[in-house]
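User: I'd like to go through this model and ask where the labels come from. Could you set each value against its cut-off for me?

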Amino acid sequence: MPIYTRCIKPQSIDPKLFTDREDEYHHLKAILKSIILAKEEEERRLLIHGERGVGKSILLRKVLSHLKQEIDFIPVIVDGRYSLDAEELLRDICEKLASQLRDEYKDERAICEISYLDEVSRADEMTKSGAKSRASEIEAKSGAGIGFLDFLKLNFGVGGKEAEAEELTKSITTEINSRFLRELLSSVIKTIKKEVVIAIDNLDQIHDKNQIAEFVREIFKHRESLIIATLRSEAITAEFRRSFRDPILIKGLSPEALMDILARRIEKCPEGEILKNKLPPIADTLKTLTDNPLSFLTWIHFLCNNSELNTENLLNDLNGFVLTHYNFDPEKASSISKFFLEKGNPFLPKETILAESKISEDDYAVMIENGILVPDDLYEPRKYRLSPDLLFFKLKQDSENETISNATDREFSNKPR
């Protein structure tokens, strides 16, 4: 029985577990540093894109972590995978900003305002009486503020003698929506002394895809911070192209870099010594099949937890990966993989795939739904290609080609001369 559990962590975004991508690292770091320091520029936006699992998120976090040691700024990183829609992303930004500000401010008034910023990030509405009570509590504190009180005064008319006389308007309720949150963010970020960098990771992964364009329009009305977004290349729409200039493409990794990533993870595994002996032959094979670190680590993680790590059974073991991760017939997955791999895995239209691969319409639909086929455009797909997670079927293709080649050699050698 396998004894390896939770050791490779394919989804980890810990920068210490990632390989050094020297060229891309220095290029991205130099760009971010120049943008952060160029406070007078109006458009301070950066788009980072690439294939799923290529390492965009972890590279961005590594660069921001290292830059924080050189430049004094406040990084606010949110992940679109955990947000339902555009409004929830803004709420996440408010909550993460409040968390970061707690480390920056120790004044009574600032601490009080930060707690209310955090509270608002989870509230649906605010009454004028509620705003007044919050304003009164904040004003009773001493020290510097972060702009929350200014926001209440501007938007609710509280905090002065005239406002105190407006008893009839106390019950008026204001919805805490995208506009409210954006204006609150602007008020806070204008007030605090440090530069704020907002990084929106996996922006294309918010659950309501129809709201992504709305979020882009909404967040870019906010001009007080550098805005960085990462997303898959197939999610770049005309809206993104208009909003971001000079996007940065993150490409795949070399076989040596993949092995470096694996080595760093093995060092953190309780079963590290066993894996150092058993994994190298398997990893040496898998590293030739992909340049995608997530696919590479996902295969190895599956094998560690579901196999005896025997190179002779590698393809059979990975057939189980198809069942586990895609809930799909491995034979059908093998067939569609062979079709795409023989063509070099290009993006192909539906008509070509159905006509030439001879799969059924139902199987085609299931493959798209389960992610076996990935689109060229996330929102208006016209073509599809094989997921990088299924490139291990090259092993089968190579084996079949070797068998044919050996048979041809034998036939040729047996011919009379």
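User: What makes Asn202 count as buried or exposed?

Analyst: Keep in mind that this is a predicted model. Asn202 has 12% relative accessibility, and buried means under 20%, so Asn202 counts as buried. You'll find Asn202 in the loop between β5 (195–201) and α9 (212–219).

User: What stands out about the phi of Asn202?

Analyst: The phi of Asn202 is positive, about 55°, although Asn202 is not a glycine. Most residues other than glycine have a negative phi. Asn345 has a positive phi as well, near 55°, and is likewise a residue other than glycine.

User: Where is Asn345, and why is it called buried or exposed?

Analyst: Asn345 sits in the loop between α16 (330–342) and β8 (348–349). Its relative accessible area is 14%, and the cut-off for buried is under 20%, so Asn345 is buried.

User: Back to the loop between β5 and α9: what about Gln205, buried or exposed?

Analyst: Gln205 is found in that loop between β5 and α9. At 19% relative accessibility, against a limit of under 20%, Gln205 counts as buried. Leaving out residues up to four places away in sequence, Gln205 touches Gly80, Arg81 and Arg232.

User: And how do you know whether Asn210 is buried or exposed?

Analyst: Asn210 is also placed in the loop between β5 and α9. Exposed means over 50%, and Asn210 has 71% relative accessibility, so it counts as exposed.

User: What makes Ser121 buried?

Analyst: Ser121 has 4% relative accessibility, so it counts as buried under the 20% cut-off. Its place is the loop between α4 (108–120) and β3 (125–127). Not counting residues up to four places away in sequence, Ser121 touches Arg91, Cys94 and Glu95. Arg91 and Cys94 are among the buried residues of α3.

User: What about α11, how does its reach compare with the expected span?

Analyst: Helix α11 (residues 255–266) has 12 residues and reaches 17 Å from first C-alpha to last, close to the 16 Å expected. The buried residues in α11 are Ala257, Leu258, Ile261, Leu262, Arg265 and Ile266. An α-helix has 3.6 residues a turn, so residues three or four places apart point the same way. Cover for the buried residues of α11 includes α12 (272–278), α13 (280–286) and α14 (293–306).

User: Why is α11 called oblique to α14?

Analyst: The two pack at an angle of about 50°, with axes 10 Å apart. Roughly parallel needs under 35 degrees and roughly perpendicular starts at 65, so α11 is oblique to α14. Their crossing is right-handed. In the contact, Leu258, Met259, Ile261, Leu262 and Arg265 of α11 meet Pro293, Phe296, Leu297 and Ile300 of α14. By class, that contact has 8 nonpolar, no polar and 1 charged residues.

User: And what makes α1 and α2 oblique?

Analyst: The axes of α1 (residues 22–37) and α2 (residues 56–67) come within 10 Å and cross at roughly 55°. That value lies between the 35 and 65 degree limits, so α1 and α2 are oblique to each other. The crossing of α1 and α2 is right-handed. Residues that meet there include Tyr25, Leu28 and Leu32 in α1 and Leu59, Val63 and Leu67 in α2. By class, the contact of α1 with α2 has 9 nonpolar, 1 polar and 4 charged residues.

User: How many helices and strands does the protein chain have, and how much of it is buried?

Analyst: The chain has 19 helices and 10 strands. Buried residues make up 48% of its 417 residues. Among contacts between residues at least 6 apart in sequence, 77% join residues at least 24 apart.

Conventions. Residues are numbered from 1 along each chain as its sequence is written. This is a predicted model: local features need pLDDT of at least 70, side-chain atom pairs count only at pLDDT 80 or more; totals for chains, interfaces and linings use all residues. Side-chain values use heavy atoms; hydrogens and water are left out. Helices (H or I, at least four residues) and strands (E, at least two) are DSSP runs, numbered from the N terminus. The expected span of a helix is 1.5 Å times one less than its number of residues. Buried means under 20% relative accessible area, exposed over 50%, partly exposed in between (1.4 Å probe, protein chains only). Contact means heavy atoms within 4.5 Å. Axes are lines fitted to C-alpha atoms, for helices over the stretch in contact, and angles run from 0 to 180 degrees between N-to-C directions. Angles under 35 degrees count as roughly parallel, over 145 as roughly antiparallel, 65 to 115 as roughly perpendicular and the rest as oblique. A crossing is left-handed if the near helix is turned anticlockwise from the far one by less than a right angle, and right-handed if clockwise. Ala, Val, Leu, Ile, Met, Phe, Trp, Tyr, Cys and Pro count as nonpolar, Asp, Glu, Lys and Arg as charged, and the others, Gly among them, as polar.
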